[in-house]
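Have the structure open as you read.

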Amino acid sequence: MERVIKVGACMGMDSLARVINTIRRGKVQVLEISSKLGSNGDINIVIRVRGEESEIEWLRKKILVLVDVTSVEVL
Amino acid sequence: MIKIFQLSVKLFKPGKQCILVIPFGDALGTRGDGHGNSIKIRAADALVRAMKNLGVRHVFGIPGGSIMPVYDALYDAEDIKHYLFKHEQGAIHAADAYGRITKKPGVVLVTSGPGATNLVTGLANAYMDSSPLVAISGQVATPILGRDGFQETDIIGVTFPITKLNMQVRSPDDVVSAFTTGYIVSTEGRPGPVLIDIPRDVLLGSTGSIEPVPKIHPKAFGGEPSREEILKALRLLLNAERPVILVGGGVCWSGAWDDVITLAEILWAPIVSTFPGKNCVPNDHPLYLGPSGMHGRLEADAALANADVVLAVGTRFSDRTVGRFKEMNMKAIIHIDIDPSEIGKNVRTEVGIVSDAKKALKAMLRELPSAIQEEYNRQHSGRRSFIAWLKEIRRKYEEHIEARAGDMKPFAPWKVLKVLRRTVPPSTIVTTGVGSHQMWCELHWDVYIPGTFITSAGLGTMGFGLPAALGAKIAASNRPVMLIDGDGSFQMTMNNLSLVRDYGLPIIAVIFDNRALMLVKQWQIYMYSRRVIATEFTKNPDFVKIAEAYGIEGYRPSSYEEIESIVRRALRTDEPVIIDIELDNEKDIVLPWVKPGEWLTNAVPPEGLEVDLIWKG
Ligand SMILES: Cc1ncc(C[n+]2csc(CCOP(=O)(O)OP(=O)(O)O)c2C)c(N)n1
Ligand SMILES: [Mg+2]
């Protein structure tokens with residue numbers, strides 16, 4: 001199935017790198033990544049993935065526990 | 001006048017905010033000159049002052065160009081003692097062990113480039129074993145950043161996947177807040193390593209921002225568990241035929257061993273553990289059967305394999321512990337863990353409770369009405385026969401190896417451990433290397449006091465043992481510290497032996513000297529048709545002479561009695577010692593053993609021992 005994972009974080013590019021490092025380890029196909037950065041370190045990342053529900057859930061939780069991530073939503 | 005400041009850190013939690021309060025013993029707020037002007041100080045000095053006020057008393061490291069401002073600031077810091085290691089890997093393993101013992105992050109200082117890259121293994125080790133530490137790496141000055149300057153490495157890029165958090169500080173005003181953040185984050189929730197990279201010009205810059213305000217607020221997972229989940233878990237456990245409690249390393253961090261034991265006693269549930277979990281429950285408790293899994297005890301494998309309900313506490317369900325997930329998934333699993341990403345990661349859970357282990361277990365004990373206990377005690381006498389069967393497996397195994405101890409000449413490794421165990425006090429902290437000697441410890445070293453067994457479980461880092469022993473001795477100077485190492489592991493970091501005399505750290509180092517990378521050789525024998533390659537040392541250095549070279553007494557004993565008397569003397573005189581235990585590398589095979597990918601009931605027992613690990617009722 002295809003899902004969109006929306007991530008909010010507070011350490012700019014470093015947050016993006018941490019999130020990408022996490023996704024790299026997931027068993028999903030990444031279809032798209034985009035992000036918008038604010039001037040204060042805030043960043044919104046949108047990742048479109050295809051994969052099994054359980055793998056996407058694994059990703060959601062792994063991203064959620066990153067210290068600088070403030071929100072994760074799976075749509 | 002000493003002012004007490006309090007740092008309030010708001011912890012994110014949906015719908016609820018808790019406050020973590022850290023007291024400071026010294027004024028840390030922006031200083032004034034009495035005329036309304038704030039006084040600026042060097043960022044490196046502000047950093048060292050923040051360290052002191054957060055309670056840092058020991059730091060571990062090696063200086064170099066980029067980190068020199070911090071060392072210069074340490075020159076005046078009488079309350080902070082620096083330990084100069086011989087390799088940064090040694091410094092960070094020491095900090096890792098220090099953190100496990102004190103439950104406060106160990107602090108490491110290194111220079112940029114090679115100093116920083118030498119931390120990589122140590123960071124990964126701490127990350128895998130959820131150990132708190134803060135590493136500070138110097139970095140080239142900001143104008144040179146990204147220009148491939150001398151000793152410039154993008155250590156942030158390198159360490160993203162092996163740190164709980166890492167950050168590069170670009171302004172002197174952020175130095176103190178970055179360190180404060182790292183210090184808090186490393187111990188908050190599931191502990192882990194934090195790396196802070198600071199360019200030299202930033203350290204040398206002036207700042208008035210010396211207030212310890214963290215940059216980000218750590219999220220707090222797992223408050224009070226829901227009553228519904230707790231009741232569901234209890235119902236499963238009470239109605240189980242053969243409930244088993246699986247204890248992981250999280251139990252140690254949470255200090256929940258008493259609650260585990262109380263629950264096990266009420267439920268008549270055998271306790272098994274992961275390898276790190278061995279450190280989290282008194283191993284001499286009658287319901288504790290030992291670690292299960294690849295190099296676990298037969299009785300623990302049998303308990304876990306035949307359980308119908310498993311209560312797993314503070315564990316990530318490593319394949320090394322459970323063998324295979326397919327069979328595990330056929331059980332009803334209750335999983336308590338502070339890290340939500342662990343629940344359902346490797347096994348399907350019937351009840352997943354995101355909580356601190358102690359909180360969840362206390363809630364379970366509260367909800368367990370005594371009436372139910374009596375009722376079920378009558379109903380479940382079957383649990384007692386299950387436990388009696390497991391104990392019978394233990395008896396058979398122990399008898400079997402005892403009868404064959406003489407075949408392993410000059411020493412049976414497990415018997416050496418039994419001799420050492422009865423010789424050193426229960427409070428002795430033991431660290432290990434990685435290999436067969438470590439697996440023998442998993443099987444035969446009894447941890448009497450939780451928190452006294454420190455090993456590299458998740459990453460399996462050879463060379464961890466010696467620096468970890470030094471870090472442990474620094475953390476607990478009034479307790480004996482004993483290293484049980486392999487000859488291969490020891491040679492990876494033995495350069496750090498010099499610290500024993502430099503700083504008066506009298507450790508007892510026992511080397512299981514089989515002149516081999518024995519655990520790998522064992523795999524070659526069993527899994528690669530005995531095609532033994534690159535695992536036997538033709539000649540080892542003389543470890544007794546190595547000891548002498550470092551001003552330490554060295555011995556090569558020839559009997560168990562001699563081992564005992566050497567250790568007793570070292571304890572009595574509080575002197576360091578290195579004991580070279582020669583082992584036969586044809587006979588030093590660690591069994592039982594569950595081969596990778598196998599189920600627990602297929603454990604290979606020691607030769608000649610016949611046991612059926614499948615419960616027939
Ligand atoms: C740094 C590192 N390199 C390689 C390995 C792979 N490895 C695992 S156990 C082992 C042998 C360890 O030898 P030794 O320390 O002598 O212990 P023994 O198995 O002989 O008791 C090796 C090479 C490892 N775990 N760590
Ligand atoms: Mg060896």
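Which residues point one way from E15(B), and which the other way? Ala332(B), Ile334(B) and Ile336(B) take one side, while Ile333(B), His335(B) and Asp337(B) take the other, and all are buried. Here buried means under 20% relative accessible area, exposed is over 50%, and partly exposed is in between, with a 1.4 Å probe and protein chains only.

A word on the ground rules. This is a predicted model, where local features need pLDDT of at least 70, side-chain atom pairs count only at pLDDT 80 or more, and totals for chains, interfaces and linings use all residues. Residues are numbered from 1 along each chain as its sequence is written, chains are lettered from A and ligands numbered from 1 in the order in which they are written, and side-chain values use heavy atoms, with hydrogens and water left out.

Back to E15(B), residues 332-337: six of its six residues are buried, so the strand is largely enclosed by the rest of the structure. Strands (E, at least two residues) are DSSP runs, numbered from the N terminus, and two of them pair if DSSP finds at least two bridges between them. These are the pairings of E15(B):

| Partner strand | Sense | Bridges | A bridge pair |
|---|---|---|---|
| E16(B), residues 351-354 | parallel | four bridges | Ile336(B) with Ile353(B) |

Now the cysteines. Searching the whole structure turns up zero disulfides over all chains, a disulfide being a pair of cysteine sulfur atoms within 2.5 Å. Cys441(B) is buried at 0% relative accessibility, and its sulfur sits 16 Å from the closest cysteine sulfur, in Cys280(B), which is too far for a bond. Cys10(A) is partly exposed, at 22% relative accessible area.
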